[in-house]
Amino acid sequence: RVEGNFILRSDEVSFLTAPFDGYIEQVFVRTGDPVEQGGALLALRTSELKLEEASALADVARYQREAEKARATKALADMRIAESLAEQSKARLDLIRYHIANASIRSPFAGVVVEGDLRERISAPVKQGDALYKVARTESLYAEAEVNERDVHEILSRATGEIAFVSQPNLKYKVHIARVEPAALPKKDVNVFLVRLTFEGGPQSWWRPGMSGLCKLDVEKRTLFWILTHRTVDFLRLKLWW
């Protein structure tokens, strides 16, 4: 069998950012915690926004009264100015209410928090667009293996293998080769090909993105003599080639 190291990855990863400038009020999760779809991860302070909402409501009511007063006196120019100011205040009110509604950062899908531990940043300021959390969907986990270029030709027409995690080396899991990347990547002193592996029976509940281990991919049967000598033979063929 061909050996290689692997790491768990997820097809679906979401970066959750701050929707507006504000301050962290509550933190509900830490790195590694599972989350449900729509589950709250973090809440931003809304006390200042609620004061701005009350001020915007008062401005809307004031400009509407001024428009009605101008309409009653047939001051058309003043009426249109007041109506425009009322619309402007309504737009500001809508924006404030949108921020209040989005002050709670929620997970877009069920998964696990892979980045973001903000428990020590309560009351700290955040800027709009700051990355707060990274959430990965666990149902779409796959293994990305690195296979040495000297062995990749052995698995091109193969489909099965096994993996074992560093954290649980006594457990073996069946995998299927889904794809071999067409180009090699340089890594340290060798070139490797990335091989995507899917799991027979789906991922386990304790698996998390970033976990690593060893994979062994099946090839055709070979003699014990070939297994013990083929590396040396290949080395000599290259060195003695002229």
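Predicted model: local features only at pLDDT ≥ 70, side-chain atom pairs only at ≥ 80, totals over all residues.
Reader: Which residues lie nearest the centre of the largest pocket?

Author: Asp151, Glu154, Trp226, His230 and Arg231 lie nearest the centre, out of 21 residues that line the pocket. The volume of this pocket is about 440 Å³.

Reader: Which elements give two or more residues to the lining of the largest pocket?

Author: They are β1, residues 2–10, and α3, residues 224–239. The largest share comes from α3, with 9 residues.

Reader: What makes a residue part of the lining of the second largest pocket, and which residues line that pocket?

Author: A lining residue has an atom within 4 Å of a point of the pocket. For the second largest pocket, the lining consists of Glu3, Gly4, Asn5, Glu146, Val147, Asn148, Lys187, Lys188, Asp189, Val190 and Val192. At least two of the lining residues come from each of β1, β10 (141–148) and β14 (190–199). The pocket has a volume of about 220 Å³.

Reader: Why does Asn148 count as buried?

Author: Buried means under 20% relative accessible area. Asn148 has 18% relative accessibility, so this residue counts as buried. Asn148 is placed in strand β10.

Reader: What does the side chain of Asn148 reach, and how do you know that this is a polar contact?

Author: The side chain reaches the backbone nitrogen of Arg150 at 3.0 Å. The cut-off for a polar contact is 3.5 Å between N or O atoms, so the distance of 3.0 Å falls within it. Leaving aside residues up to four places away in sequence, Asn148 also touches Val190, Asn191 and Val192.

Reader: Why is Gln26 called partly exposed?

Author: The relative accessible area of Gln26 is 39%. Buried requires under 20% and exposed requires over 50%. The value for Gln26 lies in between, and therefore the residue is partly exposed.

Reader: Where is Gln26 found, and which residues does Gln26 touch?

Author: Gln26 is found in strand β3, which covers residues 22–27. Beyond residues up to four places away in sequence, Gln26 touches Leu42 and Ala43. Its C-alpha atom is separated by 13 Å from that of Ser47, 21 residues apart along the chain.

Terms used:
Residues numbered from 1 in each chain as written. Heavy atoms only, no water. 1 Å grid on protein atoms, 1.4 Å probe; cavity = no way out; pocket = protein on both sides within 12 Å on 5 of 7 lines; lining within 4 Å. Points joined across faces, edges and corners; volume = space filled by probe spheres on them. Helix = DSSP H or I, 4+ residues; strand = E, 2+ residues; numbered from the N terminus. Buried < 20%, exposed > 50% of the residue type's maximum accessible area, 1.4 Å probe, protein only. Contact = heavy atoms within 4.5 Å. Polar contact = N/O pair within 3.5 Å; in protein donor to acceptor, adjacent residues only side chain to side chain.
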